Every structure is written in C-alpha cells, then in structure tokens.
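Dear colleague,

Please find below the structure that I am handing over to you. My findings follow it, and I would be grateful if you read them with the coordinates open.

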Amino acid sequence: MFTGSWKTVNYTLADRFADIDELWYIVKFSGLPGVNFALAHNLVMITVTIAALITVFAAPNAGECVKRLKPRAIWAAALGALGLWCVLSLSEVSTFLYFNF
C-alpha cells in the first residue's frame, strides 16, 4: 500500500479503494466537518490496513485451530453425507439461466 516510504501512498492501489461505491455514502453521512472524498479515501485505506493487521496478529493460526479440534463421529458422518450430496447433485441437468435473455 505504501511505496518508497511510509508517507507516500501507492496510488495504483489507492484507486481500487476509490472504486468502492459505498465510500461516497460514508463520506456524505459521516457528518464530520472538513472530510472530503480524498481524506475519506485515505481513512478507508488506513482502516482496512489496521483491520487486516489486527486480523492477522489476533486471529488463531492453523496450528492453534488444529490443537482445539476435537473430531467426533457425528461430525464425520454429517460431513461425509454433505460431501456425498454435493457430488451427487453435480450430475443433475440444469438449464442455462440466460437461454432466452
């Protein structure tokens, strides 16, 4: 997200955040004085970055999830039945949704 130094924003990536349609509604309804689209654009980038960092460092990793996993026969049977149903449902003939569109 940042190039060169922490003060320079990568504008190619920043333009992807500008494509978010809801961003303008957030700016409009926030009611914060002096907040324009460019400032809100930067605030959204910072918020997404902070949320991603919190998720990465606070969420349990795969090893921790495996340690807490207590497999049971009922879950194995339910997942097996669900998998079988998914495989069998793939063989059904379905019509093309936009055939006469």
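How far apart should the ends of helix α5 (residues 73-89) be, given its 17 residues? Please note that this is a predicted model. At 1.5 Å a residue, helix α5 should span 24 Å.

Is helix α5 largely in the open or covered? Of its 17 residues, the number buried is zero, and α5 therefore lies largely in the open.

As to the overall architecture, the protein chain contains five helices and zero strands. Followed along the sequence, its pattern is α-α-α-α-α. Burial across the protein chain can be stated briefly: 9% of its 101 residues count as buried. The protein chain exposes about 9100 Å², and 69% of that area is supplied by carbon and sulfur atoms. Regarding contacts between residues at least 6 apart in sequence, 31% join residues at least 24 apart.

Which residues make up the nonpolar surface patch of about 280 Å²? The patch is formed by I46, I50 and I54. Of these, I50 belongs to helix α3 (residues 37-58). The relative accessibility of I50 is 45%, and because this falls between the 20% and 50% cut-offs, I50 counts as partly exposed. As background to the spacing of such positions, an α-helix has 3.6 residues a turn, so residues three or four places apart point the same way.

Finally, I turn to the cysteines. How many disulfides does a search of the whole structure find? The search returns zero; a pair of cysteine sulfur atoms would have to lie within 2.5 Å to be counted. C65 has a relative accessibility of 37% and so counts as partly exposed. C86 is likewise partly exposed, with a relative accessible area of 37%.

Yours sincerely

Definitions and conventions
Residues are numbered from 1 along each chain as its sequence is written. This is a predicted model: local features need pLDDT of at least 70, side-chain atom pairs count only at pLDDT 80 or more; totals for chains, interfaces and linings use all residues. Side-chain values use heavy atoms; hydrogens and water are left out. Helices (H or I, at least four residues) and strands (E, at least two) are DSSP runs, numbered from the N terminus. The expected span of a helix is 1.5 Å times one less than its number of residues. Buried means under 20% relative accessible area, exposed over 50%, partly exposed in between (1.4 Å probe, protein chains only). Contact means heavy atoms within 4.5 Å. Accessible areas come from the Shrake-Rupley method with a 1.4 Å probe; for residues, only the protein chains shown count as cover. Patches are made of residues with over 30% relative accessible area and no salt bridge: like charges are joined within 9 Å, nonpolar side chains (Val, Leu, Ile, Met, Phe, Trp, Tyr) within 5 Å. A salt bridge is a side-chain nitrogen of Lys or Arg within 4 Å of a carboxyl oxygen of Asp or Glu.
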